[in-house]
Amino acid sequence: MSSLHTLESSEETTQGPINRLHTRDDSIRKLQTILYSRETQVNFLECKNAQLEAEVDSLRETIAKLEKMAEEQQGMLKIGMEKMMAQQELIENFTNNCDGLN
């Protein structure tokens, strides 16, 4: 019976370290899951950031085009105003000349 008792005692002493190994393995698996989750979140955020940067670049290009169009239209407006002023001056000169003939 002594050897049976020794065998049972040996099982009890190895059970503690085995349980600790299982607990450690479970903790490692949980940490790996957390790490994978964090990596997935980082990858998603990096992808989203790249999309937003592309959108910002596109908006900057659009703004630059709109600013250029506004400058061109302002230039055309200035030319139109100058033509209108010249026509107004011609009309005034013609009117004055007509008044002078009478």
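Mentor: By relative accessible area, buried means under 20%, exposed over 50%, partly exposed in between (1.4 Å probe, protein chains only). The model is predicted: local features need pLDDT of at least 70, side-chain atom pairs 80 or more, while totals for chains, interfaces and linings use all residues. Numbering runs from 1 along each chain as its sequence is written, and side-chain values use heavy atoms, without hydrogens or water.

Trainee: How many helices does the protein have?

Mentor: Helices are DSSP runs of H or I, at least four residues; strands are E, at least two. There are 0 strands. The helix count is 1.

Trainee: What share of the 102 residues counts as buried?

Mentor: Take Arg24, at 48% relative accessible area. Over the 102 residues, the buried share is 0%.

Trainee: Which residue forms a salt bridge with Arg24?

Mentor: The rule asks for a Lys or Arg side-chain nitrogen within 4 Å of an Asp or Glu carboxyl oxygen. Here the closest N and O atoms are 3.6 Å apart.

Trainee: What is the N to O distance between Arg29 and Asp26?

Mentor: These residues sit 3 apart in helix α1, so about one helical turn separates them. Arg29 is partly exposed at 48%, and Asp26 is too, at 36%. Their side chains meet in a salt bridge at 2.7 Å.

Trainee: Is Arg60 buried or exposed?

Mentor: Arg60 forms a salt bridge with Asp57, closest N and O atoms 3.9 Å apart. Asp57 is partly exposed, at 42%. Arg60 has 56% relative accessible area, so the class is exposed.
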